[in-house]
Amino acid sequence: MAPPAAPTAPHHRTPLFLPRRAAATARAARAASLAVRAQPNTAAASTSAPEPPEKFKPPPGFKVPEPKRFEIKSGQQSSVLGALLAIPLRLGTGVFVLGYAPRRAFSHHPRVYVVYNSTPADLHVSHRCAAWKVKEESKIGQCKRPEKPIEIYEFEGCPFCRKVREMVSVLDLDVLFYPCPRKGPTFRPKVLEMGGKKQFPYMVDPNTGVAMYESDDIIKYLADTYGDGSVPIMLSLGLLTAITAGLATLGRIGKGNSYTASRIPPQPIEIWAFEGSPFCRLVRETLVELELPHLLHSCARGSLKRQEVFKKKGVFQAPYIEDPNTGVQMFESAEIIDYLKATYVLYQSS
């Protein structure tokens with residue numbers, strides 16, 4: 001990999017010396033940046049009236065599926081098994097948040113159900129199973145949280161990108177991912193324009209003005225800025241980390257790498273997911289191949305974002321998506337993949 005580039009201000013940062021009107025315009029542009037995709041330069045501006053924005057809607061006959069725990073859809077077994085290969089190779093990195101610690105306590109309620117609760121002093125998620133109560137604790141409540149989502153340009157099949165995604169799960173961060181599959185026409189050129197190289201991953205932190213290449217540098221930056229400064233051992237072994245991250249892609253080799261022509265919506269799809277889940281990986285492969293920007297709400301074991309979904313939906317599973325472009329909210333990885341393809345693939349096969 002090339003030497004790390006010096007941190008630079010991201011392309012969308014608003015200078016302090018702008019006049020009031022210009023500053024307001026810049027702030028409005030920044031607010032819209034999550035909702036507008038990068039467009040390749042055109043040879044000349046069109047003199048005709050602008051076309052109305054494309055409207056997106058769910059596919060005909062679409063019904064939101066009922067969430068089913070621990071169920072694998074028929075025909076999905078081999079895909080899930082291939083995605084599972086990464087867990088032993090990476091020793092579960094990306095499955096748990098920073099400082100994850102389950103604790104067991106006796107409960108007088110011998111039925112199976114899930115309870116999520118928290119207090120400011122002791123952030124935790126509790127599961128009750130039979131006569132035992134398992135409380136999941138972490139250090140995330142002690143760590144600084146970014147006010148704005150960090151932006152990362154990457155693609156699923158890249159082992160260096162995987163390392164950064166694992167750190168995102170460990171630190172329980174919200175990240176706006178811009179997928180850069182091979183031959184992708186939108187975000188790969190944008191990375192070249194911003195940083196001078198088509199190299200991935202590329203991170204922009206609008207909270208600090210830092211922008212950088214190099215997975216190890218990004219991981220260290222995230223640990224120092226939004227963690228306790230420590231890096232998990234499986235992300236700090238140098239060449240061995242790179243080798244095992246590469247081997248972790250073999251079970252799904254070729255998936256999440258290449259571009260499929262798609263219609264990019266005005267707003268990013270929101271997804272609750274984490275790197276250690278094979279079901280989340282299958283959905284992210286599709287998001288990357290279709291070059292769909294997505295706002296990841298990381299929710300590895302120990303994350304309080306699991307509690308947020310549980311309160312809203314009455315159940316927690318990952319992945320879970322909310323598509324602001326169509327209003328669809330749904331669980332179930334296989335059905336999410338079908339929905340994304342039916343809604344956003346440009347040339348549907350007959």
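The questions and answers below go from the basis of the model to its helices, its sheet and one lysine.

User: On what basis are local features and side-chain values given here?

Analyst: This is a predicted model, in which local features need pLDDT of at least 70 and side-chain atom pairs count only at pLDDT 80 or more, while totals for chains, interfaces and linings use all residues. Residues are numbered from 1 along each chain as its sequence is written, and side-chain values use heavy atoms, with hydrogens and water left out.

User: At what angle do helix α4 and helix α7 pack?

Analyst: Helices (H or I, at least four residues) and strands (E, at least two) are DSSP runs, numbered from the N terminus. Axes are lines fitted to C-alpha atoms, for helices over the stretch in contact, and angles run from 0 to 180 degrees between N-to-C directions. The axes of α4 (residues 159–170) and α7 (residues 239–247) are 8 Å apart, and the helices pack at an angle of about 100 degrees. Because angles of 65 to 115 degrees count as roughly perpendicular, α4 is to α7 roughly perpendicular.

User: Which residues of α7 make the contact with α4?

Analyst: Contact means heavy atoms within 4.5 Å. On the α4 side the contact is made by P159, F160, R162 and K163, and on the α7 side by T241, A242, A245 and G246.

User: Which residues of helix α2 are buried, and which are exposed?

Analyst: Buried means under 20% relative accessible area, exposed over 50%, and partly exposed in between (1.4 Å probe, protein chains only). The buried residues of α2 (residues 77–84) pack against α3 (86–89) and α8 (278–289). In α2, S79, V80, G82 and A83 are buried, whereas on the other side of the helix the exposed residues are S78 and L81.

User: In which sense do β9 and β10 pair, and over how many bridges?

Analyst: A273 stands opposite S298 in β10. Strand β9 (residues 269–273) and strand β10 (residues 294–298) pair in the parallel sense, over 5 bridges.

User: What is the relative accessible area of K220?

Analyst: K220 has its place in helix α6 (residues 215–226). K220 is partly exposed, and its relative accessible area is 41%.

How values were computed. Parallel < 35°, antiparallel > 145°, perpendicular 65-115°, else oblique. Pairing = 2+ DSSP bridges.
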